[in-house]
Amino acid sequence: MSNEANLSGFQKDRYFSRAWAMLTQEKGWWKPVALCALASLVPIVGPLAVFGYCLEWARRVAWGSTEAPSRHVKVGQLIKSGWRGAVVFLGWNIVAAFVGGILGNLPWVGELLSFAWGVFMIFVGMLVMVAAVRATVYQNFKAGYRAPTLWQMGSHDPWGLLRVWLISLVAGVIVVVVALFLFVPAAIGSIGFFMDLGDYVSGGYGYYMTEAEEARLALEVVGYLFQQFGPAILITAVLALVSGVFVNLLSYCGVALWLRQFNVPTWGRDEDPLPEPVVPEAPAADVPVPPVAGMPTPLACPSCGAEVPSASRFCPNCGAPMRKDGGDGCAADAASGQENESDAAPDLRDDENSDDGIIEVTPVAAAPVGKLPNEGDQEPSADENDPLA
């Protein structure tokens with residue numbers, strides 16, 4: 001994917017392409033992603049630091065930064081930011097679960113309202129991400145609980161949040177498809193083993209096994225499962241871990257790009273109202289540039305159709321001769337046409353043998369450009385010596 005996207009300012013679309021370009025604009029961009037994936041394996045502290053890493057980058061992007069995620073970070077600050085965002089997530093998820101539980105237990109319409117609430121939770125989940133980034137901007141988790149402000153932002157541009165949500169949806173579908181391609185061959189290869197195991201147990205041998213034989217059979221089954229499905233499970237786990245970090249970075253960068261429309265650098269205190277949203281300027285339409293007067297117009301070759309400068313006598317592509325008037329045909333035809341025209345035109349030259357006598361042609365001086373003849377002058381008077389006066 002091209003990294004030529006415009007990374008500054010606010011646009012109402014292209015969240016994925018701009019986030020991708022911003023994340024991958026530097027060489028070795030995959031190294032922080034891999035390091036964050038490894039850090040996620042550390043219990044409690046690791047996921048908080050990775051979450052804080054995403055939030056801190058989103059905070060800078062929302063302020064207008066076009067840089068990639070920083071490679072020089074303070075782990076303590078990342079853990080604080082991750083903990084702040086986790087508190088915001090935990091609080092809103094408790095509220096959402098409480099509301100969903102009440103709606104689902106209503107008589108007659110409980111199932112319908114529960115389904116509607118589940119669909120609405122897509123929008124709520126995106127608002128919670130916005131709340132986490134807002135809490136990171138203010139460095140205070142209370143900023144993530146300003147429900148009126150969050151609703152004002154979400155209701156202003158809900159379709160933009162939906163576009164950001166599609167980033168994680170598409171990535172999740174890709175991971176599921178890859179996992180299926182890994183598990184399906186392993187499952188097909190183990191069909192014979194499970195059929196033999198079923199025949200062995202149902203054939204009566206299972207009734208006469210001792211506890212030691214049952215334990216041995218169980219270990220054989222577990223060992224076979226690890227042997228058959230172990231590589232697929234390992235690859236899927238690594239893929240899910242790395243893709244999770246990668247998608248979180250893209251998603252939170254998309255949320256930050258979406259937040260730019262609310263002019264984050266002009267935000268005041270947490271309780272202050274939002275400034276007027278930024279309206280993205282429409283790209284200017286391409287206006288055709290008229291040709292400059294006096295510039296030679298290129299001609300088209302009558303043989304191959306190539307563009308030929310007006311001063312060229314031959315086509316540089318195929319070598320065909322060109323007419324001076326830019327018409328079709330070759331230069332020889334143009335020359336013969338000029339000869340024919342000269343033969344047909346009356347001869348006005350001085351000819352001693354001509355019976356018609358000599359025709360004198362009196363040249364007339366051309367008027368200067370921008371001034372008509374006698375313009376601004378008085379009408380000339382008649383000459384007394386002129387016989388025609």
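Start with Met-153: setting aside neighbours within four places in sequence, it is in contact (heavy atoms within 4.5 Å) with Val-130, Arg-134, Trp-258, Leu-259, Phe-262, Trp-267 and Leu-274. This is a predicted model, where local features need pLDDT of at least 70 and side-chain atom pairs count only at pLDDT 80 or more, while totals for chains, interfaces and linings use all residues. Residues are numbered from 1 along each chain as its sequence is written, and side-chain values use heavy atoms, with hydrogens and water left out.

**Overall layout**

- The protein has ten helices and two strands, taken as DSSP runs (helices are H or I of at least four residues, strands are E of at least two) and numbered from the N terminus.
- Going along the sequence, the order is α-α-α-α-α-α-α-α-α-β-β-α.
- Of the 389 residues in the protein, 30% are buried (under 20% relative accessible area; exposed is over 50% and partly exposed is in between, using a 1.4 Å probe and protein chains only).
- Take the contacts between residues at least 6 apart in sequence: 64% of them join residues at least 24 apart.

- Mean pLDDT (the predictor's confidence in each residue, from 0 to 100) comes out at 78 for the protein, with 73% of residues at 70 or more.

**The cores**

- Met-153 turns up again in the largest nonpolar core, where Met-153 and Leu-259 have the most contacts inside a set of 53 residues.
- A nonpolar core here is a set of buried Ala, Val, Leu, Ile, Met, Phe, Trp, Tyr and Cys residues joined through side-chain atoms within 4.5 Å.

**Where α1 meets α9**

- The axes of helix α1 (residues 15-23) and helix α9 (residues 211-259) come within 9 Å and cross at roughly 115°; axes are lines fitted to C-alpha atoms, for helices over the stretch in contact, and angles run from 0 to 180 degrees between N-to-C directions.
- On the α1 side, the contact is made by Tyr-15, Phe-16, Arg-18, Ala-19, Trp-20, Met-22 and Leu-23.
- On the α9 side, it is made by Phe-246, Leu-249, Leu-250, Cys-253, Gly-254, Leu-257 and Trp-258.
- Sorted by type, these residues are twelve nonpolar, one polar and one charged (Ala, Val, Leu, Ile, Met, Phe, Trp, Tyr, Cys and Pro count as nonpolar, Asp, Glu, Lys and Arg as charged, and the others, Gly among them, as polar).

**Two residues to look up**

- Val-247 is in helix α9 and counts as buried because its relative accessibility is 13%.
- Leaving out residues up to four places away in sequence, Val-247 touches Ser-168 and Ala-171.
- The C-alpha atoms of Val-247 and Ser-168 are 6.1 Å apart, though the two residues are 79 apart along the chain.
- Lys-142 is in the loop between α5 and α6 and is exposed, with a relative accessible area of 51%.
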